[in-house]
Amino acid sequence: MTKPVVLIAEELSSATIAALGPDFDVRNVDGTDRDALRSALSTADAVLVRSATQLDSEAIGWSPNLKVIARAGVGLDNVDIKAATQAGVMVVNAPTSNIISAAELTVAHILGLARHLPRAHGSLSAGEWKRSSYTGTELYEKTVGIIGLGRIGALVAERLRPFGVELIAFDPYVTAPRAQQLGVQLVSLEELVERADFLTIHMPRTPETLGMIGAEQLKAMKSTAYVVNVARGGLIDEAALAEALTAGEIAGAALDVFVQEPPADNSLTGLPNVNVTPHLGASTAEAQEKAGVAVAKSVRLALAGDLVPDAVNVAGAGIDEYVRPGLPLTEKLGQVFAGLAAGPLASIDIEVHGELAEHRVEALRLAALKGVFSKIVSDPVSYVNAPLLAEQRNVEVRFSADAVAESFRNIITIRGSLTDGTQLSVSGTLTGPKQIEKLIEVNGYDVELPLTEHLLVLSYTDRPGIVATLGGKLGDAGINIASMQIARDEKRGMALSVLTIDSPLAEELVDALAESIGAESARAVVIDA
């Protein structure tokens, strides 16, 4: 059996390779060499990168088999997430791998500013002895303002608290109890910049946060204050910061990140009251190893067809263990639903009933859509692009969950309508200790059949002789019936037959079967494993 190809496009630790295990054909390429990358990507199922390899829409288009892009780090500036999503490629990163390293670098920069360490070192290295020129300040009883009290901001607060500082923070998404737990007082941004002796920012770079510390905020700060940015370039307006430092509006700054990396000139980095490092937030051996191992594990999950907790372009990626067995069932129900549809879809409702509703079941929505669209479009469909395919086709998707399930412990239902108004529904469940997948309802009729690869579903007027006619014609065609169930609303009323069969049915045979019994509809459904 051919092993999936995992492409390593940048240098990663031996622990990363070990975490992948023996189940993959691991290949290496220089991701910065576009010609070599193009050739290597043509057969890759997964690619692991850091920050140097550009996986833009062009590169993603070179890889028809690609299922997952893994960034061994936090930032994803070098990955075109939109293009990956449209191609059905999962994008994963390691969002917690560098948080300790980034927090420690923040504290190091705060201490470096307080005691003028880089300038004092440079002076002494040049043969000078100017003790009085580098008189610093204690952190004790100073006010540290933290903008962004997420994972890194919280770690910074935790590490600074023993210094005896007063901690204040601005974060509109953090509750007062959480801040209190961290020993931090929540304040407005305006109050924070006015009170802070040291300001450190830990926000994502978005249109809303870009330049959030600009000329107005810097002018409002104390002339003795310092600012630190180890998060993302551009959160602090670089031109305004250079002007404030030159004018003495603030005492100094420490920067690890920049709008352009490396910076185009030294108008900011060359100032005497600025301490700079070349984007070292994640540059520790421990952070690099954590990132590599984390994404290697994610690649294993993704190539096994599973959802991945650290997938950035999949909603509801975390899967509860109780919910996990329902994923393949739901995907197969989606395939049956699509197989019954004789026209374009207008809406899809995914319903979860029973004990499952007590857990996180959002992943079942993705499984249902993946199953449905795998039978509708010719391009590869994944958990990633299935919701996008529904949106592109103006299919309204609704999802609900409740604890009420009749007859079975759990029931998963996919129902919806076609653009011509036709209503469809299928339901399934898992039964017994072995969690057998069963089809238990089709278009309002109760059935109970195993979900097998080949199904034949017929709707017709109930009358004698139907079973014999179907059995005879299928027998003549060499098609073996594994099981059959008939459901009806009343005697001589409408009936539904569902047959599980051992081999595929040609379209001509389906039409002949429908004609032989005067069926209102006849659909052959193939379920992919």
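Colleague: What is the relative accessible area of N443?

Modeller: This is a predicted model: local features need pLDDT of at least 70, side-chain atom pairs count only at pLDDT 80 or more, and totals for chains, interfaces and linings use all residues. Residues are numbered from 1 along each chain as its sequence is written, and side-chain values use heavy atoms, with hydrogens and water left out. Buried means under 20% relative accessible area, exposed over 50%, and partly exposed in between (1.4 Å probe, protein chains only). N443 falls in the partly exposed class, at 31%.

Colleague: Which residues is N443 in contact with, leaving aside neighbours within four places in sequence?

Modeller: N443 is found in the loop between β17 (436–442) and β18 (445–450), where strands (E, at least two residues) and helices (H or I, at least four) are DSSP runs numbered from the N terminus. Contact means heavy atoms within 4.5 Å. On that basis, the partners of N443 are Q423, L424 and S425.

Colleague: How far apart are the end C-alpha atoms of α12?

Modeller: Helix α12 has 19 residues, 285–303. The expected span is 1.5 Å times one less than the number of residues. That gives 27 Å, so the helix agrees with its end-to-end distance of 27 Å.

Colleague: How wide an arc do the buried residues of α12 cover?

Modeller: The buried residues of α12 are A287, A291, G292, V295, A296, S298, V299, A302 and L303. The arc is taken from the directions from the helix axis to the C-beta atoms. These residues lie on the same side of α12, because their arc is only 165 degrees.

Colleague: Which exposed residues sit on the face of α12 turned away from its buried side?

Modeller: The buried side has cover that includes β1 (5–8), α1 (14–20), β3 (46–49), β4 (68–71), β5 (90–92) and α5 (99–115). The face turned away carries the exposed residues A285, E286 and K297.

Colleague: D306: buried or exposed?

Modeller: D306 lies in the loop between α12 and α13 (326–340). Its contacts beyond four places in sequence are M90, L301, I319, R324, L327 and Y383. The C-alpha atoms of D306 and R324 are 9.1 Å apart, across 18 residues of chain. At 15% relative accessibility, D306 is buried.

Colleague: What is the volume of the largest pocket?

Modeller: A pocket is an open set of points on a 1 Å grid over the protein atoms alone, with protein on both sides within 12 Å along at least five of seven lines; a cavity is a set where a 1.4 Å probe fits but cannot get out, and lining residues have an atom within 4 Å of a point. The largest pocket is lined by 50 residues, with V74, G75, N98, A231 and R232 nearest its centre. α5, α7 (151–160) and α12 each give two or more residues to that lining. Points are joined across faces, edges and corners and filled with probe spheres, and the volume is about 1,400 Å³.

Colleague: Which element gives the most to the lining of the second largest pocket?

Modeller: This pocket holds about 580 Å³. Its lining has 31 residues, with K67, G88, P380, V381 and S382 nearest the centre. α12 and α15 (386–392) each supply at least two. With 3 residues, the top contributor is α15.

Colleague: What is the volume of the largest cavity?

Modeller: The structure holds 1 cavity of 30 Å³ or more. N229, G233, G234, I236, E238, L255, V257 and F258 line the largest cavity. Its volume is about 40 Å³.
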